[in-house]
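Trainee: Please take one part of this model and go through it closely. I would like to hear about the charged pairs and what surrounds them.

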Amino acid sequence: MSLQDDLTAVRRNLNELVRSVERLEQDVARQSPAAPKTPEAGRMVSVPDTPYDSTLWTDTDDEGLGARDRRAP
């Protein structure tokens, strides 16, 4: 296959991908008109400076480190 044939195939596949994405967007818009709106991108959420309740972390594992009462091999 020549370079020109490869470029033609890539363009054809890209055009088909664009058409497929457009159809998918239309399908999603038709099927979920009452979908919940996403929060405003510029809206800020305040996080308090007070410490979290330590009972929230009872019996939890440290992610990636394993259980607290066991040792790594």
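Mentor: A salt bridge here is a side-chain nitrogen of Lys or Arg within 4 Å of a carboxyl oxygen of Asp or Glu. This is a predicted model, in which local features need pLDDT of at least 70 and side-chain atom pairs count only at pLDDT 80 or more, while totals for chains, interfaces and linings use all residues. Residues are numbered from 1 along each chain as its sequence is written, and side-chain values use heavy atoms, with hydrogens and water left out.

The structure holds three salt bridges. Side chains of opposite charge can pair when their charged atoms come close. One of the bridges joins R19 to E16, with 2.9 Å between the closest N and O atoms. Both R19 and E16 sit in helix α1, three residues apart, which is about one turn of the helix. Helices are DSSP runs (H or I, at least four residues), as strands are (E, at least two), numbered from the N terminus. Helix α1 covers residues 3-31.

E16 also meets R23 in a salt bridge, at 3.5 Å from N to O. For exposure, the terms are buried (under 20% relative accessible area), exposed (over 50%) and partly exposed (in between), with a 1.4 Å probe and protein chains only. R19 counts as partly exposed because its relative accessible area is 40%. E16, at 35%, is partly exposed, and R23, at 42%, is partly exposed.

R30 and D27 form another bridge, their closest N and O atoms being 2.3 Å apart. R30 is exposed, since its relative accessible area is 58%, whereas D27 is partly exposed at 32%. These two residues also lie in helix α1, three residues apart, about one turn of the helix. Through shared partners, salt bridges link E16, R19 and R23 into one network.

V18 is partly exposed, with a relative accessible area of 40%.
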